[in-house]
Amino acid sequence: MKERSSFNSKIGFVLAAAASAVGLGNLWRFPYLAAQHGGGSFLLIYIILSVTFGFTLMVAEISIGRKTKLSAIGAYKKLNKKFAFEGVLSMIVPMIILPYYAVINGWVLKYFAAFISGEDKAAAADGYFNAFISETGEPLVWFLICLAGAGVVVFLGVTHGIEKSGKILMPVLLVLMVIVVVFVLSRPGSLEGVKYYLVPNVKNLSFKTFLAAIGQLFYSLSISMGILISYGSYMSKKHHIESSVHQIEFFDTLVAFLAGLMIIPAVFTFSGDAALSSGPSLMFVTLPKVFASMATGRIVGTVFFLMVFFAALTSTISLMEAVVSNFIDAFHMKRSTAVLITLAYCGVLGGLASLGYGPLSGVTIFGMHILDFMDFISNSVLMPVVAIITCIFVAFVIKPGAIIEEVEAEGSVFRGKKVFSFIIKFVAPWFMILILISSIMQALGLFKL
Ligand code: PHE
């Protein structure tokens with residue numbers, strides 16, 4: 001067997017994980033969910049869940065990977081044959097996310113193209129975004145460009161090289177975001193939006209906020225997708241799992257936080273608070289308006305969408321790499337075959353998701369458009385299922401001690417071990433079961449939140 005390569009430095013591990021963690025989840029999904037679900041209340045719940053549940057599950061998954069030196073399918077099988085199905089289940093999650101992720105990646109590319117070609121003012125007009133996504137051909141073309149681009153990188157097996165570029169792109173993205181934030185906050189009227197975003201309001205607090213926050217947390221940190229297990233399998237015993245997890249969480253949440261600070265007050269200023277509930281279109285509708293009102297808006301907007309595009313593309317690539325390497329491991333396929341199969345099924349499913357806002361907009365599943373349904377089934381159903389099984393597996397099969405021993409390898413100190421054991425045994429499984437039941441009941445219309 002080939003010697004498993006490992007990350008040379010802890011910071012290398014953290015940056016690689018952060019580059020794949022930071023993507024559309026932070027920049028596109030977090031702000032619109034926060035806007036829809038009560039601003040400050042959502043933010044507060046998100047942060048609390050992140051340092052408790054997010055922390056616990058990330059530590060568990062990375063440790064399982066490092067302990068077994070295998071990716072999800074092999075790792076669960078090695079630890080307990082009866083749990084081999086858990087590896088397969090976690091493999092399905094990125095398979096569902098990838099096609100629609102590439103569709104939104106395509107939207108971002110379209111906006112970059114619009115800005116660089118001087119269509120920036122048109123992009124700021126009301127109705128531009130809806131007109132674009134309800135077309136047939138154009139969104140499909142942008143989607144296929146992103147899908148094919150990711151396919152080439154994954155086929156050539158150079159994903160690590162791409163991820164390295166994250167070291168340069170991530171800081172540039174952060175600086176740009178800070179510039180836009182400062183600009184937005186200096187607009188008259190933005191204070192209302194800042195208040196909505198930062199000050200939790202009990203009135204806005206509901207169970208639905210919890211549901212949205214936990215789904216987002218998993219999505220953003222790539223939990224329950226088998227991905228952290230693979231990352232862990234490449235991590236050296238010398239490096240400290242606990243502090244790596246803290247750093248990844250900090251960085252990922254910082255980017256999401258800034259994205260919200262950039263978008264939510266801007267919504268108040270440019271579109272009024274009625275626009276808060278606009279959902280997935282928030283980034284595409286509001287930000288062009290902000291750029292249009294800046295003197296150097298076209299340049300800032302062009303660079304901004306380029307950065308978002310790269311952040312999204314690196315995530316599309318790592319999602320695709322996860323799917324392809326699972327195919328290779330599970331079915332002993334050649335890389336080229338695995339890439340072709342992945343491109344084919346993603347082309348079909350992503351195509352349907354893209355058309356779901358246009359010619360297929362009449363097709364809804366439980367009242368959701370195709371893309372929203374794919375998002376729902378992966379984030380609100382499968383991820384909790386995988387997380388519940390992971391908790392049961394760690395709490396009762398291999399026992400928390402097995403994870404603690406891994407985190408404490410080579411003399412590392414595991415400061416949060418009591419919190420970890422408590423959450424994984426007594427809190428997380430029950431809470432996740434509750435989340436799962438309520439999100440299914442909600443989708444079936446049995447239960448109105
Ligand atoms: N976490 C990424 C985001 O927030 C999505 C992603 C999931 C990327 C899994 C890679 C792997 O956009």
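Colleague: At roughly what angle do the axes of helix α16 (residues 335–355) and α17 cross?

Modeller: Roughly 120 degrees, and the two axes come within 6 Å. Axes here are lines fitted to C-alpha atoms, for helices over the stretch in contact, with angles running from 0 to 180 degrees between N-to-C directions. Helices (H or I, at least four residues) and strands (E, at least two) are DSSP runs, numbered from the N terminus.

Modeller: Before you go on, this is a predicted model: local features need pLDDT of at least 70, side-chain atom pairs count only at pLDDT 80 or more, and totals for chains, interfaces and linings use all residues. Residues are numbered from 1 along each chain as its sequence is written, and side-chain values use heavy atoms, leaving out hydrogens and water.

Colleague: Fine. How are α16 and α17 placed relative to each other?

Modeller: They are oblique, therefore neither of the parallel classes applies. The cut-offs: under 35 degrees is roughly parallel, over 145 roughly antiparallel, 65 to 115 roughly perpendicular, and the rest oblique.

Colleague: Which residues make the contact?

Modeller: On α16, Leu 349, Leu 352 and Ala 353; on α17, Ile 370, Leu 371 and Met 374. Contact means heavy atoms within 4.5 Å. By class, the residues of this contact are six nonpolar, no polar and no charged. For the classes, Ala, Val, Leu, Ile, Met, Phe, Trp, Tyr, Cys and Pro count as nonpolar, Asp, Glu, Lys and Arg as charged, and the others, Gly among them, as polar.

Colleague: And at what angle do α17 and α18 cross?

Modeller: Helix α17 (residues 370–398) and helix α18 (residues 400–407) cross at roughly 95 degrees, with axes that come within 6 Å. That makes α17 roughly perpendicular to α18. Val 394, Ala 395 and Ile 398 of α17 meet Pro 400, Ala 402 and Ile 403 of α18. That contact has six nonpolar, no polar and no charged residues.

Colleague: While we're on α18, is Glu 406 buried or exposed?

Modeller: Glu 406, found in helix α18, counts as buried, at 5% relative accessibility. Buried means under 20% relative accessible area, exposed over 50%, and partly exposed in between (1.4 Å probe, protein chains only).

Colleague: What is Glu 406 in contact with?

Modeller: Leaving aside neighbours within four places in sequence, Glu 406 is in contact with Ser 63, Arg 66, Lys 67, Lys 237 and Ile 241.

Colleague: Where does Ser 412 lie?

Modeller: In the loop between α18 and α19 (417–443). Ser 412 is buried, with a relative accessible area of 13%. Apart from neighbours within four places in sequence, Ser 412 is in contact with His 240 and Val 407.

Colleague: Switching to α2. Where does α2 bend?

Modeller: At Phe 30, by about 35 degrees, and a proline, Pro 31, follows within four residues. The bend at a residue is the angle between axes fitted to the seven residues ending there and the seven starting there.

Colleague: How many Å does α2 reach from its first C-alpha to its last?

Modeller: Helix α2 (residues 24–36) has 13 residues and reaches 17 Å, close to the 18 Å expected. The expected span is 1.5 Å times one less than the number of residues. Just after α2, Gly 38 takes a positive phi of about 90 degrees.

Colleague: How many residues of α2 are buried?

Modeller: 12 of its 13, which leaves α2 mostly covered. The buried residues include Trp 28, Arg 29 and Phe 30.

Colleague: How do α2 and α11 sit relative to each other?

Modeller: The axes of α2 and helix α11 (residues 207–221) cross at roughly 175 degrees and come within 11 Å. The two are therefore roughly antiparallel. Gly 25, Asn 26, Trp 28, Arg 29, Phe 30 and Leu 33 of α2 meet Ala 212, Gly 215, Gln 216, Tyr 219 and Ser 220 of α11. Those residues divide into five nonpolar, five polar and one charged.

Colleague: What about Met 177, which residues is it in contact with?

Modeller: Met 177 is found in helix α9 (residues 159–185) and counts as buried at 0% relative accessibility. Leaving aside neighbours within four places in sequence, Met 177 is in contact with Leu 27, Val 255, Leu 258, Ala 259, Met 262 and Phe 304.

Colleague: Last one: how many of the residues of α13 are buried?

Modeller: 22 of its 31, so α13 is mostly covered. Just after α13, Gly 272 takes a positive phi of about 80 degrees.
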